[in-house]
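Thank you all for coming; I would like to walk slowly through one structure today. Please have the sequence and the model open while I talk.

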Amino acid sequence: MGAAIPLIIDTDTAQDDCVALLVGLLDPLADLRAITMVAGNVGFDRQILNAHMTLSVAGRLGRVPVYLGCRRPLVREWVSAEYVHGDGAGGLTMDFAGLEPEAQHGVDALIAHTAAAPGEITVVCIGPLTNIAMAAIKDPSFVTNVKALVIMGGSNNARGNITAAAEYNFYVDPEAAKTVFEAGFASITVVPWAPVALRDAVFDRERLDRIARLDTPIARFFASITATTLGFNESVGIHGSTHPDSLTAAVLLHPALVTASDEYAVEIETGSALTRGYAAMSWGVHGLTPNATVVDGVDAAGFADYLTDLLATETAPDRQLR
């Protein structure tokens, strides 16, 4: 086994974001330094509760700092995905008494953590890119101090999931996404919604039943947090639970899961109401300089087995979920 990979997860904690946090918390190859919160899937305060529940079920409550970042996009009003995720935790709750996030703002935490270990920390970005853009704007050295960004966002010349053109994370804050892809980060890897996550990171009911039979605390947590999204997915023709965020964390730690990738010039549309947040991904024939590696395929069975094995981990939750 190789050395653990230092990382920060920047998240809008709901459903599969929670699973991605479990990857960062429980995979032996992950050295999770911090969690930063960004406005996204569900109400911001709800996201904080979901993060604390995830830490608790993993037995890591109070041991990984949680920082609160931007509560709204750079220039636009926040757009909810609660119609997909509900509260993002399947109605679960627990005793939150005494649980407080760090006082430092999430943007400042990103800047400080990466400045303290320049060239070492990868940021796994599984929500809108508001915090990342703000860090790059506030302190340009953040761009050079970050080792890499691994981003769940966009679709590679394929359908969106909030509009026909756009994937949710880029749609919610397209100006932030545009800023990030133009900032000059040394390494950006993109895990797109379509075709990759929609094809290779969907767990059908047979797989979900297999996970439920594990009956570990985190497998039970997984079953609860995915139920609402599963119902929504099936109502729109997706035959299973979608896991783009945990896939994004997994491909950082286990790059052998990637079966195909290529260099692309990625640009984000901000000016059109019709195609707001669209990620134009040029594959090398348009005379544009690549700025990202885009994942084109992953080992779907390998990823499903990886996550199933992870969810078989026995943990000692810090507080009881109910």
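Let me start with a question: how many of the residues of helix α1 (residues 16-26) are buried? The helix is mostly covered, with 11 of its 11 residues buried, where buried means under 20% relative accessible area, exposed over 50% and partly exposed in between, with a 1.4 Å probe and protein chains only. Among these buried residues of α1 are D16, D17, C18 and G24.

Before going on, a word on where this comes from: this is a predicted model, in which local features need pLDDT of at least 70, side-chain atom pairs count only at pLDDT 80 or more, and totals for chains, interfaces and linings use all residues. Residues are numbered from 1 along each chain as its sequence is written, and side-chain values use heavy atoms, with hydrogens and water left out. When I say helix or strand, I mean DSSP runs numbered from the N terminus, helices being H or I of at least four residues and strands being E of at least two.

Staying with α1, its axis and that of helix α11 (residues 217-235) come within 10 Å and cross at roughly 160°; axes here are lines fitted to C-alpha atoms, for helices over the stretch in contact, and angles run from 0 to 180 degrees between N-to-C directions. The two helices are therefore roughly antiparallel to each other, given that angles under 35 degrees count as roughly parallel, over 145 as roughly antiparallel, 65 to 115 as roughly perpendicular and the rest as oblique. In this pair, C18, V19, L22 and L26 of α1 meet I218, F221, F222 and I225 of α11, contact meaning heavy atoms within 4.5 Å. The contact of α1 with α11 divides into 8 nonpolar residues, no polar and no charged, where Ala, Val, Leu, Ile, Met, Phe, Trp, Tyr, Cys and Pro count as nonpolar, Asp, Glu, Lys and Arg as charged, and the others, Gly among them, as polar.

Leaving aside neighbours within four places in sequence, N50 is in contact with T13, A14, C18, V42, D87, G88 and A89, and N50 is buried, with a relative accessible area of 1%.

The contact is made by R207, R210 and I211 of α10 together with A304, D305, T308 and L311 of α13, and by class it has 3 nonpolar, 1 polar and 3 charged residues.

Let us turn to the strands. An open sheet of 9 strands, with mixed pairing, has the order β3-β2-β1-β4-β5-β6-β11-β9-β10, two strands being paired if DSSP finds at least two bridges between them. Its edge strands are β3 (66-68) and β10 (279-282), each pairing on one side only.

Which way do the strands beside β11 run? β6 and β11 run parallel and are joined by 2 bridges, with V294 in β11 as the bridge partner of V190, whereas β9 and β11 pair in the antiparallel sense over 6 bridges, and there V258 stands opposite V298. β11 is itself mostly covered, as 5 of its 7 residues are buried. Further along, 4 bridges join β9 (residues 258-268) to β10 in an antiparallel pairing, and E267 stands opposite A280 in β10.
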